[in-house]
Every structure is written in C-alpha cells, then in structure tokens.
Amino acid sequence: MSGKSYGTVDDARRKEMSGLQFVQGLADGTLPLNTIAHTLGYNVTDAAKGRVVVTAMPTEAHLNPAGTVHGGLAATLLDSCMGLAVWSMLDKGVAQTTLEFKISLLRPITPATGVIHAEGTVLTCGRRVGTAEGRITDTGGRLLAHGTTTCLIFDA
C-alpha cells in the first residue's frame, strides 16, 4: 500500500467535499485511510458513486485459533466497503454511520487464498437511511462472504 497515508480527515475539510469526493480521495491516496486500514492491512482501491472496492491480502497476522482468517477481517472489509458506498452518495455537509450490518461467512479465508476483494454496492439511499450489500471474493471470483448494512445519514 505504498503512497497511502493513515489518519483522519478533519471535520471542516470533510464537510467541504461531497461523499463521492471524500471516498475517491481515500481510493486515490489524496486523503488518509483510517488507522484500522493500516492495522489490518487493507486498502480502498476503487470508488464510484454507489460502489466501493476494498482489498486485502490475508496473512498469518489475521489468523484465529483454528488457523483460518478471523471473521473480524471479513466483517471489517464488508463494513468498510458497504458504508463507504453509502457515503459516496451523500452531498457536502452530510455524513453516515453504520446502524447495523449482517454478514455470512461462506468459505474459509487463509493466507493461501491470496488477495481478497470486498465490493460494496448501494441498494437505496434516502435522506436519513441508506442500505448497501457487499461481497467478498477471491481472485478467481469465488464468493467467500457477503453482507448487508443499514446506515444512518445525518448532517455533519
């Protein structure tokens, strides 16, 4: 993830951008990714209105006691791609936060899985609530996990 920085975007700067500008800034590296992205080793790699892709390379650092990647990594990737997809729909001065999300883990993820892609797509986005779905796939396109989210939309 060379060229990326980590931290937060201050409120005043974020309020000057539309949601799409904010999310595209995360993807192109002009804005810092959040620090959990650094901790878990994931990256926002693509952003368009209503669609965001997050990628990660599972490593031994992500393993649970059973020797597979902890479900928390999949949950974080899905929460990120789905929430950012909703954010990409918002006007200046508006933000969102996750109210709830549900995920289903379908196949084990291991370091041998290789790069995984989490794609979030908006289902609906109103003035107060946005919903999205997400899918995690491997490089061969196999579905590893999927989920849905409901986000609260509010004036920032």
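Two strands count as paired if DSSP finds at least two bridges between them. Strands (E, at least two residues) and helices (H or I, at least four) are DSSP runs, numbered from the N terminus.

**View 1. Strands β2 and β4 pair up.** Strand β2 (residues 51–56) meets strand β4 (residues 116–125) in the antiparallel sense, with 6 bridges between them. Look for Val53, whose bridge partner in β4 is Glu119.

A note on what you're looking at: this is a predicted model, where local features need pLDDT of at least 70 and side-chain atom pairs count only at pLDDT 80 or more, while totals for chains, interfaces and linings use all residues. Residues are numbered from 1 along each chain as its sequence is written, and side-chain values use heavy atoms, with hydrogens and water left out.

**View 2. From β4 into β5.** Strand β5 (residues 129–137) runs antiparallel to β4, and 8 bridges join the two. The hairpin that takes β4 into β5 has 3 residues. Two pairs to pick out here: Ala118 sits opposite Ile136 of β5, and Thr124 sits opposite Thr131 of β5.

**View 3. From β5 into β6.** Strand β6 (residues 143–155) is antiparallel to β5, with 9 bridges joining them. Ala132 has Thr149 of β6 as its bridge partner. The hairpin of β5 and β6 has 5 residues between the strands, and there Gly141 takes a positive phi near 85 degrees.

**View 4. Helix α4 along its length.** (The expected span is 1.5 Å times one less than the number of residues in the helix.) Most of α4 is covered, with 13 of its 17 residues buried, where buried means under 20% relative accessible area, found with a 1.4 Å probe on protein chains only.

**View 5. The largest pocket.** This pocket has a volume of about 430 Å³. Of its 20 lining residues, Phe22, Leu26, Asn34, Leu84 and Trp87 are the closest to its centre. At least two lining residues come from each of α2 (19–28), β1 (42–48), α4 (71–87) and β3 (94–105), and α4 gives the most, with 5. By class, the lining has 10 nonpolar, 8 polar and 2 charged residues. (Nonpolar covers Ala, Val, Leu, Ile, Met, Phe, Trp, Tyr, Cys and Pro; charged covers Asp, Glu, Lys and Arg; the others, Gly among them, are polar.) On a 1 Å grid over the protein atoms alone, a pocket is an open set of points with protein on both sides within 12 Å along at least five of seven lines, a cavity is a set where a 1.4 Å probe fits but cannot get out, and lining residues have an atom within 4 Å of a point. Grid points are joined across faces, edges and corners, and a volume is the space filled by probe spheres set on them.

**View 6. The cavity.** The structure holds 1 cavity of 30 Å³ or more, and the largest cavity contains about 50 Å³ of space. Its lining includes Arg14, Lys15, Phe22, Trp87 and Ala156. The elements that give two or more residues to this lining are α1 (11–15), α2 and β3. The lining divides into 6 nonpolar, 3 polar and 2 charged residues.

Key:
Buried means under 20% relative accessible area, exposed over 50%, partly exposed in between (1.4 Å probe, protein chains only).
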